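Biologist: Hi! Could we go through this model together?
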Amino acid sequence: MQPFFSTEGIHPKDAFRRWRETICERLIPIDQQPLHGVPFQGRLDVISIGPVPISKMAHTAMRTEATPDAIRRYGQPDRLYASLKLSGQDAIQQGDREAVFRTGDFVVIDARPAVCEADTGISLVIDLPRERFEAMLGPSRLYCALTVGADLASTTLANTFLQELVRMGDQLTPDAAARMAAIGTDLIIASLAERMAQEVPRSVHGNVTVQRAKAYIEANLSDPNLDPPQLAAAMGVSLRRLQELFHERGRHISDYIWGRRLEAAAKRLGDPACAHLSIGMLAYGCGFSSQAHFARRFKDRYGMSPRDYRQAHSRDTQPGASASRPSFS
């Protein structure tokens with residue numbers, strides 16, 4: 001990470017004012033006040049992993065409020081923010097939910113009014129795409145300000161991965177950084193899905209189970225052994241029950257898995273960064289056990305062979321290609 005701001009060397013009477021100005025410029029204008037009457041100290045380090053900005057904030061105790069006016073004027077409704085607590089304890093209130101999270105826990109908030117009281121500690125704040133989360137988990141109000149505890153194995157995995165990603169981020173190529181950022185995002189989604197399943201009303205439990213299943217599929221697309229029985233076992237439900245839940249939503253589990261594999265393969269075929277991969281390697285990386293099986297399913301879905309699809313997209317991405325030509329991404 002790159003040092004962005006530190007109160008070290010700043011006169012104590014100016015330290016918090018300078019900190020507040022920096023945070024308002026880096027994130028959004030928010031109201032902040034130091035707590036407990038002690039001299040404020042703070043440090044902000046930043047890094048961007050692919051399209052995902054990450055901030056590491058270390059500070060003494062303070063209160064933060066995102067007011068309705070600040071949200072209305074400066075909020076980014078297309079973003080969510082995950083706060084991973086590396087040390088200390090925070091309490092946050094957003095909407096009708098209040099969460100306390102400690103070392104190893106995390107919460108997600110969106111661009112709505114919120115109040116947070118933070119003890120002395122360190123946090124990673126990750127700027128995330130709202131669209132991705134809502135596609136997998138539903139409206140953000142279902143999980144914002146919900147403590148995702150370190151007692152969940154998925155939380156520990158996400159936390160460890162993201163800290164290592166931050167540590168090694170400047171060693172990654174741009175393409176690798178974008179892919180690793182996507183993995184980190186999906187790990188947060190998987191942890192949220194597991195946490196949501198613990199306390200949801202029975203009436204919506206089926207929706208959450210299906211969303212958890214979809215998140216698990218996304219994280220394991222490359223596993224050729226991923227099938228409905230394995231998925232049901234990972235969700236902790238019977239295969240019959242999981243099949244019923246998918247059928248209620250007009251889908252078959254196997255069709256959904258193969259569909260997502262084909263969509264991932266099509267995306268990689270259209271990605272110049274994957275041009276060095278053979279069709280076979282790309283197919284195996286998307287969970288297909290044979291190139292022939294992949295080619296047959298791909299042609300049934302997209303009306304052309306994987307090789308023709310890649311060549312068509314390559315023509316479309318050449319400089320000067322017509323903007324009106326259909327996209328195959």
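Biologist: What should I know about the source?

Modeller: This is a predicted model, where local features need pLDDT of at least 70 and side-chain atom pairs count only at pLDDT 80 or more, while totals for chains, interfaces and linings use all residues. Residues are numbered from 1 along each chain as its sequence is written, and side-chain values use heavy atoms, with hydrogens and water left out.

Biologist: Back to cysteines, then. How many disulfides does the structure hold?

Modeller: It holds 0 disulfides, a disulfide being a pair of cysteine sulfur atoms within 2.5 Å. For Cys-24, the nearest cysteine sulfur is that of Cys-116, 15 Å away.

Biologist: And is Cys-116 buried or exposed?

Modeller: Buried, because its relative accessibility is 15%. The closest cysteine sulfur to that of Cys-116 is in Cys-144, 14 Å off and too far for a bond.

Biologist: New topic: how many residues are in the largest nonpolar core?

Modeller: There are 33, and Ile-126 and Phe-133 are among those with the most contacts inside it. Such a core is a set of buried Ala, Val, Leu, Ile, Met, Phe, Trp, Tyr and Cys residues joined through side-chain atoms within 4.5 Å.

Biologist: Which helix gives the most to this core?

Modeller: Helix H5, residues 174-199, with 8 residues. Helices are DSSP runs (H or I, at least four residues), numbered from the N terminus.

Conventions
Buried means under 20% relative accessible area, exposed over 50%, partly exposed in between (1.4 Å probe, protein chains only). Helices (H or I, at least four residues) and strands (E, at least two) are DSSP runs, numbered from the N terminus.
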